[in-house]
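Colleague: Could you take me through this model, please? I would like to look at it together, one feature at a time.

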Amino acid sequence: TLGNLSTLFKAISGFEEKFNITFRLHPRSSDLLPKNLAERYRTNVSFNSTSNLYSMIKKADLVIGQTTTATLYALLIGKPVIYFPSMKWPIKFLKKF
């Protein structure tokens with residue numbers, strides 16, 4: 001969610017050490033708001049929507065995500081994951097039952 005990205009960018013902006021941080025948003029997501037947040041918090045991040053997701057995960061030292069198959073894949077291949085739960089997901093799931 002946008003709130004999770006805002007929290008993440010705020011945290012990244014406080015790092016003294018520099019990292020290479022690449023974001024791969026969901027294919028149906030617009031990158032306009034996340035890019036605006038990155039600029040607002042003056043974070044040095046890049047956005048990549050063209051590279052193969054699974055190749056990116058294999059190369060990553062750490063994966064940050066929400067309720068996606070990408071975070072599950074990262075866990076399955078032994079990558080450390082920071083998981084931001086989607087607050088709407090459990091509600092949508094429970095309404096079906």
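Colleague: How many helices and strands does the chain have, and in what order do the elements run?

Modeller: This is a predicted model, so local features need pLDDT of at least 70 and side-chain atom pairs count only at pLDDT 80 or more, while totals for chains, interfaces and linings use all residues. Residues are numbered from 1 along each chain as its sequence is written, and side-chain values use heavy atoms, with hydrogens and water left out. Helices (H or I, at least four residues) and strands (E, at least two) are DSSP runs, numbered from the N terminus. The chain has five helices and four strands, and from the N terminus on the order is α-β-α-β-α-β-α-β-α.

Colleague: Happy with that. What share of the residues counts as buried?

Modeller: Buried means under 20% relative accessible area, exposed over 50%, and partly exposed in between (1.4 Å probe, protein chains only). Of the 97 residues of the chain, the buried share is 26%.

Colleague: Now the aromatic residues. Is the pair of Y54 and Y73 stacked or edge-to-face?

Modeller: Rings of Phe, Tyr and Trp (its six-membered ring) pair if their centres lie within 6.5 Å; planes under 30 degrees apart are stacked, over 60 edge-to-face, and the rest tilted. The structure holds three aromatic pairs. In the pair of Y54 and Y73, the ring centres are 4.6 Å apart and the planes stand at 75 degrees, so the pair is edge-to-face.

Colleague: Which helices does that pair link?

Modeller: Y54 is partly exposed at 34% relative accessible area, and Y73 is partly exposed at 21%. The two residues are 19 residues apart and the pair links distant parts of the chain, with Y54 in helix α3 (residues 53-59) and Y73 in helix α4 (residues 69-76).

Colleague: What is the phi of R42 near?

Modeller: R42 lies in the loop between α2 (32-40) and β2 (45-47), and at 75% relative accessibility R42 counts as exposed. Most residues other than glycine have a negative phi. R42 has a positive value, with phi near 55 degrees.

Colleague: How far apart in space are N20 and V45, C-alpha to C-alpha?

Modeller: N20 is in the loop between α1 and β1 (21-23), and N20 is exposed at 81% relative accessible area. In sequence N20 and V45 are 25 residues apart, but from C-alpha to C-alpha the distance is 7.0 Å.

Colleague: Last one: which residues form one aromatic cluster?

Modeller: The cluster has three members, and they are F9, F23 and F47.
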